[in-house]
Amino acid sequence: MSKPQSAGAILRWRGEFISTSLESAFLRDQGSVIQQELTRSLSFCGIAYLIFALADMAHLGYGSQTLALFIVRLAIAAVAVSGIVLTRCSANPGNTAYRAATVFTSLAMLSFLLVAYWRGELLLHGMSMAIMLIIVYLFIPNRLVNATLVALSASAAFLALVYAQGMVSPRHLWTMAMLLLLANLFGAAAARRDAHSSRRQYWAQQHLINQSVRDSLTGAFNRRHLNAGLLEREIDRARSRGTSLTIIMCDLDSFKAINDTHGHQAGDTLLHDFARLLLSMTREGIDTVVRYGGEEFLLILPDTDLADGHALAESMRARLAESGSLHDQVRIGATASFGVVSVRLSPGLPGITSKALIARADQLMYAAKRSGRNRVHVTGWEAINRA
Ligand SMILES: Nc1nc2c(ncn2[C@@H]2O[C@H](COP(=O)(O)OP(=O)(O)OP(=O)(O)O)[C@@H](O)[C@H]2O)c(=O)[nH]1
């Protein structure tokens with residue numbers, strides 16, 4: 001039987017998260033670090049590549065080949081500068097940096113073949129090639145798979161060039177092939193280790209952050225996360241975009257009686273199942289479910305008007321009443337009461353605070369309790385203001 005994969009599992013050879021959304025989140029998170037590393041490494045490589053024009057001159061003199069190589073070196077430096085600038089301007093610098101790194105290393109390797117072809121000295125260039133492979137794997141930030149493809153193709157092309165030139169003995173050609181193979185193996189192994197360790201570190205960090213903002217029993221966000229300005233930020237966002245915002249306060253009915261009848265653990269199971277239901281019926285990454293109190297939950301639903309908020313609360317109510325919860329093979333019947341407040345915000349609409357919204361949703365939820373429980377009470381902000 002195959003082992004179940006953990007959410008943070010990493011592809012063994014590629015050194016990337018198996019989950020593409022997690023890999024994208026990692027790249028977004030690391031974007032500025034990757035961008036800085038790329039700036040440093042491409043600046044350094046671009047300058048070094050230009051300086052080596054002096055070696056061209058020393059070997060080829062002041063001729064057309066030296067001039068042609070100088071133009072090629074200038075073009076490579078220009079590619080480095082463009083990569084740095086594009087990455088700086090990009091909304092997703094991590095991804096752009098990796099593309100820039102792939103283009104730069106491919107072109108630099110191609111031009112290096114031209115240098116080796118014109119200047120000869122193939123044994124010396126074999127050693128330079130080995131150093132360049134290490135630079136491609138370790139110094140320039142890139143996806144391991146891209147770096148490997150560039151490095152392996154460049155190695156094969158270089159060996160083919162040396163073979164075609166016929167100026168190196170078979171014994172030396174073998175030694176050179178072994179040298180390049182070792183550079184590829186060690187470079188890829190070290191780059192893979194680096195890719196794995198940065199992702200493991202990111203995953204551990206995310207785990208800690210998640211633990212500090214989530215309630216361990218239900219998996220919903222905790223009050224600390226709400227108190228860190230969560231609803232205020234949603235109000236500001238809705239105000240700047242002129243969109244609707246709905247909040248729902250919901251509370252399990254007669255929960256104390258459930259605890260008293262079935263035991264505290266059964267109450268915990270019900271709390272957990274109710275939170276799962278709320279989470280499964282809301283949009284991941286858009287809506288927020290907060291455990292507001294013992295058996296009370298607050299839902300924040302951006303871009304949701306009163307009608308949609310009402311319909312959602314109604315179907316949550318119906319689903320809970322229908323399914324309840326199962327603890328130790330015993331079905332526990334449960335219902336909840338809901339208070340729904342919706343507001344259409346605009347830059348000119350003042351006076352809406354998170355406290356006022358929550359207080360109103362709470363009042364509605366208690367009104368639903370008073371009128372018999374297992375029901376949904378709704379209102380729009382305009383109606384509150386008219387009252
Ligand atoms: N099992 C369990 N019970 C909890 C937890 N947190 C709070 N409670 C219990 O939830 C109960 C809430 O009771 P009340 O505030 O009287 O509300 P209720 O019985 O649901 O009544 P209504 O809200 O009026 O329908 C209390 O007995 C708390 O001890 C928890 O994490 N697990």
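User: Where does R373 lie in this structure?

Analyst: R373 sits in the loop between α12 (354–370) and β7 (376–380). Helices (H or I, at least four residues) and strands (E, at least two) are DSSP runs, numbered from the N terminus. Two notes before we go on. Residues are numbered from 1 along each chain as its sequence is written. The model is predicted, so local features need pLDDT of at least 70, side-chain atom pairs count only at pLDDT 80 or more, and totals for chains, interfaces and linings use all residues.

User: Thanks! What is the phi of R373?

Analyst: Phi of R373 is positive, about 70 degrees, although R373 is not a glycine. E121 also has a positive phi, near 45 degrees, and is a residue other than glycine. E121 belongs to the loop between α4 (93–119) and α5.

User: How many C-beta neighbours does R373 have inside 10 Å?

Analyst: The idea is to count other C-beta atoms, placed from the backbone, within 10 Å of a residue's own: 20 or more is buried, 12 or fewer exposed, and in between partly exposed. R373 has 14 such neighbours, so R373 counts as partly exposed. With 13, E121 is partly exposed as well. T261, in helix α9, is exposed because 11 other C-beta atoms lie within 10 Å.

User: Now helices. At what angle do the axes of α5 and α6 cross?

Analyst: Two packed helices are described by the angle between their axes and the distance between the axes. Axes are lines fitted to C-alpha atoms, for helices over the stretch in contact, and angles run from 0 to 180 degrees between N-to-C directions. Here α5 (residues 122–139) and α6 (residues 144–165) have axes that come within 10 Å and cross at roughly 175 degrees. Angles under 35 degrees count as roughly parallel, over 145 as roughly antiparallel, 65 to 115 as roughly perpendicular and the rest as oblique. Therefore α5 and α6 are roughly antiparallel to each other.
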